[in-house]
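Subject: Handing over the model

Hi,

Here is the structure I promised to pass on. Have a look at it first, and then read my notes below.

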Amino acid sequence: MTTIRQRRVGKGTEAAEDQPSEETNVKPDGKILSDPTGGKLWNILSITVGGIVAITLGLLTSVYVATLHENDLWFSNIKEVEREISFRTECGLYYSYYKQMIQAASIQQGLHGLVYDNKTESVRTINILERMNVYQEVFLSILYRILPIQQYLEPVYFYIYTLFGLQAVYVIALYVTSWLLSGTWLSGLLAACWYITNRVDTTRVEFTIPLRENWALPFFAVQIAAITYLFRTHLQPVQQRVTLTAVFIATFLFSLTWQFNQFMMLIQALALFILDCLDMLPTAKVTWLYIIQMSGLLLVCVLQFFNSMILGSLLISFNVSVLIARTIQKNLKKGGLFNRLGKLILHVLLVLCLTLLINKFIKKILNLESDEHIFKFLKAKFGFGATRDFDANLYLCEEAFGLLPLNTFSRLSSTLLFYAYGFILFLLTAAAVIVAFRNLSGSSQVQSKEQMEEYTVTLKPEAAYSLVHTVLFGCLALSTMRMKYLWTSHMCVFASFGLCSTEVWKLILKCLHLYTSQRTQVIKYSIPIITLLYISFKFWPGIMDELSELREFYDPDTVELMNWIKSNTPNTAVFAGSMQLLAGVKLCTGRTLTNHPHYEDKNLRERTKQIYQIYAKRSPGDVYGILRSFGTDYVILEDSICYERRHSRGCRLRDLLDVANGHIMDGLGENDPDLKPSLYPRFCEEIKKNLPSYTMHFTRVFQNKTFHVYKLAKHK
């Protein structure tokens, strides 16, 4: 087990003026209106200073997370095998392909090894570029090979510095999005500061560097910034084309770097659909975004050798269904309130039915079952019947896939982020309901000019999109903790935008009958500045203490295991064990695996369940037969799994296997009445007794406090 211990060695803003708001100094397309020369110069100065602050904060964030990573592991001082072990679970698997490309005799040979890979899954040849999102590793390895930096920078540092550099892109994109929404770069400054001070809940890049989301989320943030600009009114054709191009590039890169891209963009498409139905977004721009989503995903599908999981995604089925339904219902946005509501309900039902039919048809044609475990998990999670499905329960029992813990909100509240977010969310939700009702009822003609100005200015199209985006991703985060990073980063943007928005404060003051232009300007500057001062005084000392705390990577048992494998087993040896450990085995030793953590394949899921019988109540002959069917030469047993205490009864891996096999679980507690006692003891416990029925198949060749390695006999 890995631990982090203390090192045993010794030591080795001032807020600027607002960017002019669209109402007075800037057109909605961003062009400066005719102003005195001094005003133009001030606008240019404000934009320049805001841009410099954005870049500075982005670079500081990169340095910050890189320093935390170094201080936590003493990465520069530990051995290469320890560095590689620090890339846990699937992180190690992804990084292994970067290492493989670097070590290949040529780029062509490296690519051939990925397309015809027979070491990731034993007795099988798979196409890594089709199955996994590793084009970023391919690109980075090629870049490292062709750049003259090999003498100055180790491959591992080139890799991790790239990921830390993407954090700068991430923060700058959040900053720009908030700036675009509010009209002032002070909002971007506040968003970036909230992102940094809430780091525990906004990112985990410093300890899960190669994770796919750390590649993808910066591009997702860039896409949201581009969409925010796209929804501004009165854009020039050239501006719109450039913005759509930026949206497409960001969407493509986001889709290319994360296997869960389709689910995230489906939520985004739902946000667009809701707002389009309520007449809160321009239909033509929404249509372009539907097309861009599909185009980006289909281009990734081509690059991934026509990955069937992409073709069978709900996103493509949904977007196609929306476009078809819109063609059928041409007069959807005409008529009175009840007429519109009737058409809207029919439209939603039509889109839903078409989506299910198209998706079912595609999956039937392609015989697609790669994502069935996700739907089994969702069905069980939301209470649509209990399940004994091993894969679904494996997800259900992981904390990362559980509900968002309540202590998350206390941490977010300590920086005032959650309070500000809740306040702005309530206000804009109320405004959205009013605007939606007015749009559906077609009563805008009877509204006074002042009322129209109040509501439409408060909820511009880009603000409406940001509102629904944060609500939908908030629901996702509340239901699945692992997805909170999609929500909390946008929470920083949304809250800072609201506190710095002229329109928001104008609406509040008008409702309180206290509105004056001067009072609005004072509040929109003073509240964010006070918040920034509070954050600085409260959290700056803690950040400095965190940066000065030095620790050291310490996992001697795993290091000993990896060194033993490299020294005492042939290069062609096949290893079986837990998914998480085997990813490290592949990275550190290059040996062939029976299974691995990239779970988006039905055959691999079935194979993993079979391999995991080493922790079930099965006979030695059965386990031996299963392992040999996958060409296994060595099996690694982990005490931390065999005698697991991290999960409660019913969620331990051995319990999931017992239930799936129809056996009663160990320990005190209830069992389903149809479960029966097993005829055999637990394999991982009994094998250590060296009984003849076990030693005829398995010979122990290595052990330490954590791991036990057995060599399989090769019977004729």
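Disulfides first: how many are there? The count comes to two disulfides, where a disulfide is a pair of cysteine sulfur atoms within 2.5 Å. Before you go further, note that this is a predicted model, in which local features need pLDDT of at least 70 and side-chain atom pairs count only at pLDDT 80 or more, while totals for chains, interfaces and linings use all residues. Residues are numbered from 1 along each chain as its sequence is written, and side-chain values use heavy atoms, with hydrogens and water left out.

(Helices here are DSSP runs of H or I with at least four residues, strands are runs of E with at least two, and both are numbered from the N terminus.) Cys397 is buried at 11% relative accessible area, whereas Cys651 is partly exposed at 22%. For those words, buried means under 20% relative accessible area, exposed means over 50%, and partly exposed is in between, using a 1.4 Å probe and protein chains only.

The other link is between Cys642 and Cys684, whose sulfur atoms are 2.0 Å apart. With 80 degrees about the S-S bond, the link of Cys642 and Cys684 is right-handed. It too links distant parts of the chain, with Cys642 in helix H30 and Cys684 in helix H32 (residues 683-686), 42 residues apart. Cys642 is buried at 1% relative accessibility, and Cys684 is buried at 1% as well. Counting bonded cysteines along the chain, the disulfides follow the pattern 1-3, 2-4.

What about Cys353? Cys353 is in no disulfide, and the nearest cysteine sulfur, that of Cys277, is 15 Å away. Cys353 is partly exposed, at 44% relative accessibility. Cys301, on the other hand, is buried at 1%.

Is Tyr395 buried or exposed? Its relative accessible area is 13%, so Tyr395 counts as buried. Leaving out residues up to four places away in sequence, Tyr395 touches His373, Phe377, Phe401, Tyr599 and Glu600, a contact being heavy atoms within 4.5 Å. Tyr395 and Leu378 are 17 residues apart in sequence, and their C-alpha atoms are 9.7 Å apart in space.

Now for the helix packing. Helix H3 (residues 89-103) and helix H4 (residues 107-115) pack at an angle of about 145 degrees, with their axes 8 Å apart. Axes are lines fitted to C-alpha atoms, for helices over the stretch in contact, and angles run from 0 to 180 degrees between N-to-C directions. On the H3 side the contact is made by Tyr97, Gln100 and Met101, and on the H4 side by Ile107, Gly110, Leu111, Gly113 and Leu114. These residues divide into five nonpolar, three polar and no charged.

In H4, the residues Gly110, Leu114 and Val115 are buried. Seen down the axis of H4, its buried residues fall within an arc of 135 degrees, so they line one face of the helix; the arc is that of the directions from the helix axis to the C-beta atoms. Among what covers the buried residues of H4 are H3, helix H5 (128-131) and helix H6 (135-146).

Two backbone spots are worth a click. Most residues other than glycine have a negative phi. Asn367, however, has a positive phi near 55 degrees. Asn367 lies in the loop between helix H16 (337-366) and helix H17 (372-381), and is exposed at 61% relative accessible area. Leu416 is not a glycine either, and has a positive phi of about 70 degrees. Leu416 lies in the loop between H19 and helix H20 (417-441) and is partly exposed at 28%.

Cheers

How values were computed: Nonpolar A, V, L, I, M, F, W, Y, C, P; charged D, E, K, R; others polar.
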